Amino acid sequence: MFSVGFSEFERALSEAGSFTAAGEAHGTLCGALCAMATYRLEDWVGELLPEGRDPVAAPDDVFEVVYTETAQSLAGQSMEFAPLLPDDDAPIAGRATSLGEWCQGFLYGLGAGRLASVEELPGELPEIIRDFTEISRASADEQDSPETNEQAYAELVEFVRVSAQLVFDELVPLRRDVLTRIEALH
């Protein structure tokens with residue numbers, strides 16, 4: 001889905017001096033795109049990098065590619081969105097940790113949008129936010145078989161993928177209202 005892989009994104013963050021984990025960085029982007037009508041590439045990069053740091057010129061500008069492809073997939077009608085996570089050949093413990101970090105970042109991004117209280121959000125969103133809070137603590141269970149862990153991980157990733165898309169879609173009216181108010185000021 002992404003033309004930039006998780007490892008390449010992780011490397012670009014590190015080279016730019018970011019202390020943010022790649023899963024958390026992508027989750028933050030997704031949550032902020034859901035909650036804010038005008039969340040720009042510069043806003044996101046500003047969240048990721050230490051004060052005053054500019055991103056190192058990465059091949060094909062990794063940050064811009066991830067930002068653009070994420071925004072397009074969330075706004076698209078084909079349900080192509082997916083969280084940017086490690087490849088399936090990475091150890092399950094690392095993938096589970098990255099999924100938890102992604103959810104933590106998503107919640108941070110939503111919160112940065114200064115949404116109403118969780119309980120005032122429409123539809124299933126309060127429940128999704130509670131579920132993401134739980135998933136942010138995800139880890140592989142060493143007592144379960146590798147197959148059980150793989151199946152549980154795949155189910156969680158699919159839940160997160162669909163839920164993030166639902167959050168984006170449900171908050172369209174909120175983002176539209178904000179844009180209308182901004183335009184009325186000008």
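Trainee: Hi! Where is the place of Met79 in the chain?

Mentor: Met79 sits in the loop between α4 and α5. Keep in mind that we're looking at a predicted model.

Trainee: Let me step back a bit. How many helices and strands are there in the chain?

Mentor: The chain has eight helices and zero strands. Reading from the N terminus, the elements go α-α-α-α-α-α-α-α.

Trainee: What percentage of the residues in the chain is buried?

Mentor: Of the 186 residues in the chain, 41% are buried.

Trainee: And the contacts: what share comes from residues 24 or more positions apart?

Mentor: Counting contacts with a separation of 6 or more, 77% are between residues 24 or more positions apart.

Trainee: Okay, helix packing. At what angle do α4 and α7 pack?

Mentor: Helix α4, residues 62-75, and helix α7, residues 146-170, pack at about 75°, and their axes are 9 Å apart. The two helices are therefore roughly perpendicular to each other.

Trainee: Which residues make the contact?

Mentor: From α4, the contact uses Ser73, Leu74 and Ala75. From α7, Ala164, Gln165, Phe168 and Asp169 take part.

Trainee: While we're on α7, what about Leu166? Is it buried, exposed or partly exposed?

Mentor: Leu166, which is in helix α7, has a relative accessible area of 27%, so it is partly exposed.

Trainee: Which residues does Leu166 touch, leaving out those up to four places away in sequence?

Mentor: Leu166 touches Glu124, Leu125 and Ile128. Leu166 and Leu125 are 41 residues apart along the chain, and their C-alpha atoms are separated by 8.1 Å.

Trainee: Then on to α6. Which residues of α6 are buried?

Mentor: Helix α6 covers residues 125-135, and its buried residues are Leu125, Pro126, Ile128, Ile129, Phe132 and Ile135.

Trainee: What do the buried residues of α6 pack against?

Mentor: They pack against α5, residues 92-112, and against α7.

Trainee: Let's zoom in on Ile129. What is its relative accessible area?

Mentor: Ile129 has a relative accessible area of 13% and is buried. Not counting residues up to four places away in sequence, Ile129 touches Leu107, Leu110, Val118 and Leu121.

Trainee: Changing topic: which helix is Arg175 found in?

Mentor: Arg175 is in helix α8, residues 172-185.

Trainee: An arginine, okay. Is Arg175 buried or exposed?

Mentor: Arg175 is buried, with a relative accessible area of 10%.

Trainee: What does Arg175 touch, again skipping residues up to four places away in sequence?

Mentor: Arg175 touches Leu33, Cys34, Ala35, Met36, Ala37 and Phe168. Phe168 also belongs to the α7 side of the contact with α4. As for Met36, it is 139 residues from Arg175 along the chain, and the two C-alpha atoms are separated by 6.1 Å.

Trainee: And Val172, what does that residue count as?

Mentor: Val172 lies in helix α8 too. At 24% relative accessibility, Val172 counts as partly exposed. The C-alpha atoms of Val172 and Ala35 are separated by 8.7 Å, while along the chain the residues are 137 apart.

Methods:
Residues numbered from 1 in each chain as written. Predicted model: local features only at pLDDT ≥ 70, side-chain atom pairs only at ≥ 80, totals over all residues. Heavy atoms only, no water. Axes fitted to C-alpha atoms, helices over the stretch in contact; angles between N-to-C directions. Helix = DSSP H or I, 4+ residues; strand = E, 2+ residues; numbered from the N terminus. Parallel < 35°, antiparallel > 145°, perpendicular 65-115°, else oblique. Contact = heavy atoms within 4.5 Å. Buried < 20%, exposed > 50% of the residue type's maximum accessible area, 1.4 Å probe, protein only.
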